Amino acid sequence: MALISLTDVGKSFRSREGRAWSAVADFNLTLEDGEFYCLLGPSGCGKSTILSLLAGFTLPSTGRLELSGKPIKGASRDRGVVFQGDDSLYPWLTAVENVEFGLRLRGVDRRERRDRAMQYLELVGLHGQEGKHPPELSGGMKQRVQIARALANEPRILLMDEPFGALDAQTRGAMQVELRRIWERMKVTVVFITHDIDEAIVLGTRVGVMTAGPGGTLKKNLPIDIPGERTRGNPRYIALYEEIHALVREEVLRANALRAA
Amino acid sequence: MSEATRTLPVSDTAGAAGSSASSIWQAIKNGFPYFLGFFSLFFIWHVVAVYVVASVLFPPPYAVLLRAIELLQDGVLVENVGASLQRIIIGFIAGSLIGIPIGLIIGSFPLARKILEPWTESLRFIPSVAMITIAVIWFGIGEPSKIFLIIYTTVFIVILNTAAGVGAISANKIRAAQALGANSRQIFFLVALPATVPYILTGMRIAMANSFTTIVAAELVAANAGLGVMLWQGRMYMQIGDIFVALVSLCILGFTADRLFRFGVAHFAGRYDVTP
């Protein structure tokens, strides 16, 4: 059985004037255990809405959304979330206290949760930074804390909403390498939202490209089958990039045409 | 497709722990402009009083200091300062204790906001000074009327700031807690409340400043002791020195209270940085 399945999922919102508009429509997708799925699409296509639905922060307006065959009814600790900005961290807690927050909620004893949090800080490369508060950390470090916080809770699925979108290019590249390494070690299922094609190819086992919004839906799924290094020197990488780029470009043009009409 | 990457400044707070000699030098360098500011205050006061105004109606600093020593020695200053300070402390603490829970409720529940806002949004525009007459009629000229007025001046600003603090919590802080498995009680006590602390403390600081204004006005109208009484009697008997001693006392008390409050925040709640 699929780990996650979305069947004809739609989500519509009501605008301030009271008109309903659809963020995503007829969205169909199944995810298997252990995948690193990257959801790619132009801005405004509804990819963050999909993540929000998977997390359980919002519920679908239509269709079925299931985790191991059971409908998702709300947020739960089997789905960890890493947000784009740093405003989800708790600035009054230190890095290690942020990481152990989930364990604290469950009443894990102080010593044990501290030990586990330290292991995860180590895993994300933040050894020695545990006593710092989030405002004292750089953008990349804060995202590492977020990843450690989500992983320390041992979720089945890690949901990431453009987690490196606000980082500079160098930091972003380093974070991608780290995340890929962590995923290989942890064997956790990842859903990763991005609008960066390179990022999707470097990280994913599969990429889904969305159509332009409103009412965005899945246009095409592509497996990332690259033998060897995932760098621009690899001809398969370039071919895949071109294919995805063409798909995204179509949607961007369509979105512009819609807007102009 | 070109991607514009936003670059975040990497805040590597370099450990600026120099030798102790250089840190003393640093302290002097930081403290000197401050000292200069205070010094110029008294210096200009002195120059204006002695050379520009040159009247008994505007005593220079040293004359005020001499009068203050006299008033300290016969206990008048201590009695009046003590009376004002006691009222402020009781009213300020009581007002904060009332205001914080109400602010949390208003900030957390839209229904409560709708019900309570007509109260807060109308009553807060009555200056506490305007409530003096009714406070004296209701509670007499003793302590209860003063404490009532301090509570009145404290409670609304604390409510307002606390509610604003709850409203300013980013949705992602709550969502992150939900995804980590928090129930609503845990979200309130472990996320919403600590996230609101800086706003509560800011509200309390403003309230403290308001308390000084209010207490003097209340004591001017009706009281047996306090800095306001000192000011009023100084006018009645033309004791300019006493008036100035009272005014300077207010400066020192307000300054000290604010510093103590900030120090307390830094010491006990350092992790919640309060707006300077």
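Author: A cavity is a set of grid points where a 1.4 Å probe fits but cannot get out, and a residue counts as lining if it has an atom within 4 Å of such a point. Keep that in mind as we look around this predicted model.

Reader: Okay, so what makes A:G80 or B:L180 part of the lining of the largest cavity?

Author: Lining residues have an atom within 4 Å of a cavity point. The residues that line the largest cavity are A:G80, A:V81, A:F83, A:Q146, A:R149, A:A150, B:A176, B:A179 and B:L180. That cavity has a volume of about 50 Å³, and the structure holds three cavities of 30 Å³ or more.

Reader: Which elements supply at least two residues each of that lining?

Author: From chain A, β6 (79-82) and α5 (139-152) do, and from chain B, α7 (171-179) does. The largest share, three residues, comes from α5(A).

Reader: How do the lining residues divide into nonpolar, polar and charged?

Author: Six are nonpolar, two are polar and one is charged. Arg counts as charged, and Gly is put with the polar ones.

Reader: Let's move to chain B. Why is B:S249 called buried?

Author: Buried means under 20% relative accessible area. B:S249 has 10%, so it is buried. You'll find B:S249 in helix α10 (residues 240-268) of chain B.

Reader: What does the side chain of B:S249 reach?

Author: The backbone oxygen of B:V245, at 2.7 Å. A polar contact needs a pair of N or O atoms within 3.5 Å, and 2.7 Å is within that cut-off. Leaving aside neighbours within four places in sequence, B:S249 also touches B:L77, B:V81 and B:L227.

Reader: And B:N30, why is that one called exposed?

Author: Exposed means over 50%. The relative accessible area of B:N30 is 54%, so B:N30 is exposed. B:N30 belongs to helix α1 (residues 20-53) of chain B. Between B:N30 and B:A246 there are 216 residues in sequence and 30 Å in space, C-alpha to C-alpha.

Reader: How many helices and strands does chain B have?

Author: Chain B comes to 10 helices and zero strands. Of its 276 residues, 39% are buried. Take contacts in chain B between residues at least 6 apart in sequence: 72% of them join residues at least 24 apart.

Reader: What is in the largest nonpolar core?

Author: It has 79 residues, and A:L6 and A:F27 have the most contacts inside it. Helix α8 (residues 184-221) of chain B gives the largest share of this core, 13 residues. There is also a second, separate core of 48 residues, including A:V96 and A:Y237.

Reader: Which residues is A:L6 in contact with, leaving aside its neighbours within four places in sequence?

Author: A:F27, A:N28, A:L29, A:I50, A:L54, A:R64 and A:L65. Contact here means heavy atoms within 4.5 Å.

Reader: Why is A:M186 called partly exposed?

Author: Its relative accessibility is 28%, so A:M186 falls between the cut-offs. A:M186 is in helix α6 (residues 169-186) of chain A. Leaving aside neighbours within four places in sequence, A:M186 is in contact with A:Y120 and A:L123.

Reader: Last one: why does A:H127 count as exposed?

Author: Exposed means over 50%. A:H127 is at 56%, so it counts as exposed. A:H127 sits in the loop between α4 (110-123) and α5 of chain A.

Reader: What joins the side chains of A:H127 and A:E122?

Author: A polar contact of 3.1 Å, which is within the 3.5 Å cut-off.

Notes. Residues are numbered from 1 along each chain as its sequence is written. Chains are lettered from A and ligands numbered from 1 in the order in which they are written. This is a predicted model: local features need pLDDT of at least 70, side-chain atom pairs count only at pLDDT 80 or more; totals for chains, interfaces and linings use all residues. Side-chain values use heavy atoms; hydrogens and water are left out. On a 1 Å grid over the protein atoms alone, a cavity is a set of points where a 1.4 Å probe fits but cannot get out, and a pocket is an open set with protein on both sides within 12 Å along at least five of seven lines; lining residues have an atom within 4 Å of a point. Grid points are joined across faces, edges and corners, and a volume is the space filled by probe spheres set on the points. Helices (H or I, at least four residues) and strands (E, at least two) are DSSP runs, numbered from the N terminus. Buried means under 20% relative accessible area, exposed over 50%, partly exposed in between (1.4 Å probe, protein chains only). A polar contact is a pair of N or O atoms within 3.5 Å; within protein, one must be able to donate a hydrogen and the other to accept it, and residues adjacent in sequence count only if both atoms are side-chain atoms. A nonpolar core is a set of buried Ala, Val, Leu, Ile, Met, Phe, Trp, Tyr and Cys residues joined through side-chain atoms within 4.5 Å.
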